[in-house]
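Here is a short briefing on one structure. Take the metal site and the aromatic contacts in turn.

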Amino acid sequence: MLTMDDIVREGHPALRKVTEEVPVPPSEEDKNTLKEMLEFLQNSQDPEMAEKYDLRSGVGLAAPQLGINKRMFAVHVTDEKDRLYSYGLFNPKITRHSVEMTHLEGGEGCLSVDREVPGDVPRYKRITLEGTTLEGEKVRLRLRDLPAIVFQHELDHLNGVMFYDRIEEEIPETDKKDDGAL
Ligand SMILES: O=C(O)C[C@@H](Cc1ccccc1)[C@H](O)SCc1ccccc1
Ligand code: NI
């Protein structure tokens, strides 16, 4: 099983690479790796497993965070209506997105970043994302709010982008308007 020791930290070159498409149908090796990534997320959200193996809770994990230069990530997140989005995806891409933006209240974190980085990370509020599942099926997902934020965070990892790259400069107090926070 994967643990925090398998996750590379900021400064590792793998986190700044634009990753390579995965040949589909995916190989057994790639499927097993992606299954392990999904299992890591499930374990990290299980209090007993997280304590036993010292796992940081995660809702997403991308291959570059394991030093693997492949376009694949896992997401295991529940939305505000308690709907579970649990996917291992190969070659994901955003095909449509809203003009409307959102951000995670309190900012974002990253399993590859061992420090707090304050600031709003602007994300599309709604996205349509396509990819290939662990079962080798093409899938089109329409996502909004937290699940959409998570998928965008993971897709950024496949393009060598870290969440703090997107944090905008502070707006002077007098110019602030309602910021549409989630
Ligand atoms: O490092 C990663 O990619 C996993 C991140 C993904 C993530 C962070 C912030 C916003 C969206 C996605 C970890 O899941 S950080 C821990 C976490 C847990 C619950 C909600 C948000 C972040
Ligand atoms: Ni991250």
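In this predicted model, His-153 is in contact with Glu-108, Gly-109, Cys-110, Arg-123 and Phe-163, leaving aside its neighbours within four places in sequence. His-153 is found in helix α3. His-153 counts as buried because its relative accessibility is 9%, under the 20% cut-off.

**Nickel site**

- Three residues supply the protein donors of the nickel ion (ligand 2): Cys-110 through SG, His-153 through NE2 and His-157 through NE2.
- These donors lie 2.1 to 2.3 Å from the nickel ion.
- The donor residues follow the sequence spacing C-x42-H-x3-H.
- Helix α3 (residues 145-158) holds both His-153 and His-157. They are four residues apart, about one turn of the helix.
- His-157 is buried, and so is His-153.

**Cys-110**

- Cys-110 sits in the loop between β4 (101-102) and β5 (123-124).
- Its relative accessibility is 4%, so Cys-110 counts as buried.
- Not counting residues up to four places away in sequence, Cys-110 touches Arg-56, Gln-65, His-153, His-157, Met-162 and Phe-163.

**Annotation and pocket**

- An unreviewed UniProt entry carries the annotation "binding site" for Cys-110, His-153 and His-157.
- The annotated residues are spread over 48 residues of sequence, yet they cluster in space, with a largest C-alpha distance of 10.2 Å.
- Cys-110, His-153 and His-157 are included in the lining of the second largest pocket.

**Aromatic contacts**

- The structure holds three aromatic pairs.
- One of them joins Phe-73 and Phe-151 edge-to-face, at 5.8 Å centre to centre and 75° between the planes.
- Phe-73 lies in strand β2 (residues 72-78) and Phe-151 in helix α3, so this pair ties together parts that are 78 residues apart in sequence.
- Phe-73 and Phe-151 are buried.
- Phe-163 and Tyr-164 also form an edge-to-face pair, with 5.3 Å centre to centre and 65° between the planes.
- Phe-163 is buried, as is Tyr-164.
- Phe-73, Tyr-87 and Phe-151 make up one aromatic cluster.

**Charge over a ring**

- Arg-115 places its charged end over the ring of Tyr-164, 5.0 Å from the ring centre.

**Links between topics**

- Phe-163 is among the contacts of Cys-110 and among those of His-153. Phe-163 also pairs with Tyr-164.

Notes
Residues numbered from 1 in each chain as written. Chains lettered and ligands numbered in written order. Predicted model: local features only at pLDDT ≥ 70, side-chain atom pairs only at ≥ 80, totals over all residues. Heavy atoms only, no water. Donors = N, O, S within 2.8 Å, 3.2 Å for Na, K, Ca; no water. Helix = DSSP H or I, 4+ residues; strand = E, 2+ residues; numbered from the N terminus. Buried < 20%, exposed > 50% of the residue type's maximum accessible area, 1.4 Å probe, protein only. Phe/Tyr/Trp six-rings, centres within 6.5 Å; stacked < 30°, edge-to-face > 60°. Lys NZ or Arg CZ within 6 Å of the ring centre and 35° of its normal. UniProt positions renumbered as here; feature names shortened; annotations may be inferred. 1 Å grid on protein atoms, 1.4 Å probe; cavity = no way out; pocket = protein on both sides within 12 Å on 5 of 7 lines; lining within 4 Å. Contact = heavy atoms within 4.5 Å.
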